[in-house]
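Okay, everyone, thanks for coming. Let me put the model up and then walk you through it.

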Amino acid sequence: SLRAPRVTILPGAPIARPAPGRADDEPLMVELRAWRSSRARADGVPAYVVAHDALLAALVEQRPGSASALRRVKGMGPAKLERYGDAFLELLGSE
């Protein structure tokens, strides 16, 4: 008789999601992703060069309100801070 092939499901990387509990998290994440896409097109780079999903999720979760708070977000290096910091702060303040 024929046997079905054995399939092993390996755990993957968790999907980056904002922390639950805030009604405005998902719209903000959508807004950040849309901004990232348009900025990446304008800069001629892939979206992940502008910001990974994990960085966007951390921004949504932590809601930094200043450049110094933004600097402490995991994934926000000096180059990203210099290049995109003002835009991130504007987007995060526009709730």
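This is a predicted model: local features need pLDDT of at least 70, side-chain atom pairs count only at pLDDT 80 or more; totals for chains, interfaces and linings use all residues.

Residues are numbered from 1 along each chain as its sequence is written, and side-chain values use heavy atoms, with hydrogens and water left out.

The accessible surface is about 6700 Å², and carbon and sulfur atoms own 56% of that; these areas are Shrake-Rupley, with a 1.4 Å probe, and for residues only the protein chains shown count as cover.

On to the fold. We've got 5 helices and 0 strands, taken as DSSP runs numbered from the N terminus: H or I of at least four residues for helices, E of at least two for strands.

Now the aromatics: there are 3 aromatic pairs, meaning Phe, Tyr or Trp rings (the six-membered one for Trp) with centres within 6.5 Å; planes under 30 degrees apart are stacked, over 60 edge-to-face, the rest tilted. W35 and Y84 make an edge-to-face pair, 5.8 Å centre to centre with 80° between the planes. That pair ties W35 in helix α1 (residues 25-43) to Y84 in helix α5 (residues 78-93), 49 residues apart. W35 counts as buried at 15% relative accessibility, and Y84 does at 1%. Ring pairs also join W35, Y84 and F88 into a cluster.

Methods:
Buried means under 20% relative accessible area, exposed over 50%, partly exposed in between (1.4 Å probe, protein chains only).
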